[in-house]
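Colleague: Could we walk through this one together? I would like to hear how you read the fold and the ligand site.

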Amino acid sequence: MASTPTTNTQGIVFKNLSRYEKRSRVKDIVASIVVHTSGIAAIVVLFFIFVFLAKDALPTFTKVGILKFLIGTSWQPEFEKFGILPLLVGSLFVTFGALVVAVPIGIACAVYIAEVSPPSFRSLLKVIVELLAGIPSVVFGFIGLMILAPLVQKVFELPTGLTALTGAVTLAFMSMPTIISVSEDAITAVPKSYSDGSLALGATKWETIRHVVIPSAKSGIVAACLLGMGRAIGETMAVLMVTGNASILPKGLVGLPNFFLGPVRTMTATIASDMGETVQGSTHYNALFAIGLTLFAISFAVNMAADLILRRGGLGKE
Amino acid sequence: MLVSVPVSISEAQSPQPRWNAASECVCGKVEVEDLSLFYGTFQALRNVSISIPECAVLALIGPSGCGKSSFLRCINRLNDLIPGARTTGRVLLDGKNVYDPDVDAFLLRKRVGMVFQQPNPFPKSIFENVAYGPRIHGVKNKSELADIVERSLRRAALWDEVKDDVYKPALALSGGQQQRLCIARALAVEPEILLMDEPCSALDPISTGRIEELICSLKEDYTIVIVTHNMQQASRISDYTGFFLMGELIEFGESAQIFTRPKDKRTEDYVTGRFG
Ligand SMILES: Nc1ncnc2c1ncn2[C@@H]1O[C@H](COP(=O)(O)OP(=O)(O)O)[C@@H](O)[C@H]1O
Ligand SMILES: [Mg+2]
């Protein structure tokens, strides 16, 4: 029996493996190298994007000054004024305006698709929503320009229909498909046993949706709204086409309605419209990169928030 | 065999507004007459007639897929919500057919509580789970809700384990505690009948024992119908037993008789484990 241990140790040594087993081990190593490299490559590329953005953006903070840049009230490159506050406010108003319209309608649509619509109709609706999510933003901009802008001009009797409101509604329609399809997934993922439990207590379908299904899908719905917001805040083309592109600040709180019904300019639209006419290395050029960096920071923060909420929701579900 | 049940003062202040119509009626709490159930073209129940006596435990046994869950869901009309489900025959609750057009299914479900196979507490706090039903049915007063929650948790023999923190998430409880929470949640709307669909099949033996004790104490106040695959459990806790096979009620009688002197050969094969 003394010889048995030696044969056993031989049995698990690499060089004694069959050809097939050796190939399988080698494949395992190759696969893990490929996956690691692609992962690291993605991170490196992202890092370099950030570095190049920062390299051209940072001179702004010495030439203009970080405070003057961030809270300067006037964006007039021809007079060397590079305050992005009007652009920030423009972006925020258009984005939040879009969310105010898109979130309630989007959630209502998601509830309809997930809980109310007849099953045969449901799959058709889901396909349509996904198709809508794939429409290029220029098309939305075109529709906003041709249909929405004249409508806004007529209804509010304005000199121009190219306003923050027009931009917000156009963006609302753009972000709605994202909000609908992600929240619909979240609502569908709520276990049927939850609604059964509620119905068995004598709750109506609406009470069940309102008090059990939607709260259970909360984290997914919040993530859907943040994704929709990400789409809205980063959007350029549609906004460029329908907001009128005037960097104006609201005149105090009473000026808000007028501000909303007048032309605005967003950060993305500024980069897109100005980039062609700047000299490389000029302050204007640097300032546009600094706007890009600001957008980067904002969307990073939004994504982090989405991630945190999702993760907390996930833990709550365990 | 049964350890005395840890229900304290709850008997004295038991919330049941007893329904006395049964006294006018010689028959059971629930009378099922010639009930058939169809899912589309598939017939899941065939002409089932059964009388469920008041304040007793009725156990339903039978192989998987024979229609036990479907039968339970006919009593509280939960099958209404399945597209294509259709019933014929009558289910009389205190003499009133629950399928009559003037019956409100939501009020019916308030009177006929249900506990499911998998414990299914909502992802809310313990308190919110129990308060959910009363809230739905219009109780708004905070202290009244707190009373109902405490009473229901005591009645479900869970109070002592959770009284220190009724605001913690229900999903943090163990499986057995979750199932007792679901029972408390059902009791909170003051039902008269409790339908339990394999309530112990996802639980360990100790939790199962506690639920069995609980059922024995609950039958003083409630009419209980329990589906179980466990013959020992059925004979331990039930007064009556019904044996289902392929959508038919093969035999119904006192549990002692069903488990010792079954009349039907198929029942005998099933309860002695020679089935199939
Ligand atoms: N929603 C449904 N749609 C169609 N058929 C169903 C549905 N629910 C149950 N059934 C069928 O009805 C029969 C009885 O099911 P069920 O009542 O769940 O049996 P049990 O609880 O005794 O295991 C099974 O054949 C099952 O496939
Ligand atoms: Mg079943």
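Colleague: How many bridges join E7(B) to E8(B), and do the two strands run parallel or antiparallel?
Modeller: Bear in mind that this is a predicted model. One pair to look at is B:Met196, which stands opposite B:Ile226 in E8(B). The strands E7(B) and E8(B) run parallel, and the number of bridges joining them is five.

Colleague: At about what angle to E8(B) does helix H7 of chain B run?
Modeller: The strand to compare with is E8, residues 223–227 of chain B. Helix H7 runs to E8(B) at about 150°.

Colleague: What does E7(B) pair with in the parallel sense over four bridges?
Modeller: Look at the residue partners of E7(B), residues 193–197. B:Met114 stands opposite B:Leu195, and B:Val115 has B:Met196 as its bridge partner. The strand that pairs with E7(B) over those four parallel bridges is E6(B).

Colleague: How many residues of E7(B) are buried, and which ones point the same way as B:Ile193?
Modeller: The strand is mostly covered, with five of its five residues buried. B:Leu194 and B:Met196 point to one side of E7(B). Pointing the other way is a set made up of B:Ile193 together with B:Leu195 and B:Asp197.

Colleague: Where does this leave the whole sheet: what is its strand order, and which strands are at the edge?
Modeller: The sheet is open, has six strands and shows mixed pairing, in the order E6-E7-E8-E3-E9-E10 of chain B. Neighbouring strands are turned by 15° against each other on average, ignoring direction. Strands that pair on one side only are the edges, and here they are E6 (112–115) and E10 (248–254) of chain B.

Colleague: On to the ligand: which side chain has an N or O atom 2.5 Å from an oxygen atom of ligand 1?
Modeller: Residues surrounding ligand 1 include B:Tyr39, B:Phe42, B:Gly67, B:Lys68, B:Ser69 and B:Ser70. A polar backbone atom of B:Gly67 is 3.1 Å from a ligand oxygen, and an N or O atom in the side chain of B:Ser69 is 2.6 Å from one. The side chain at 2.5 Å belongs to B:Ser70.

Technical notes: Residues are numbered from 1 along each chain as its sequence is written. Chains are lettered from A and ligands numbered from 1 in the order in which they are written. This is a predicted model: local features need pLDDT of at least 70, side-chain atom pairs count only at pLDDT 80 or more; totals for chains, interfaces and linings use all residues. Side-chain values use heavy atoms; hydrogens and water are left out. Two strands pair if DSSP finds at least two bridges between them. Axes are lines fitted to C-alpha atoms, for helices over the stretch in contact, and angles run from 0 to 180 degrees between N-to-C directions. Contact means heavy atoms within 4.5 Å. Buried means under 20% relative accessible area, exposed over 50%, partly exposed in between (1.4 Å probe, protein chains only). A residue is near a molecule or strand if one of its heavy atoms lies within 4 Å of it. A polar contact is a pair of N or O atoms within 3.5 Å; within protein, one must be able to donate a hydrogen and the other to accept it, and residues adjacent in sequence count only if both atoms are side-chain atoms.
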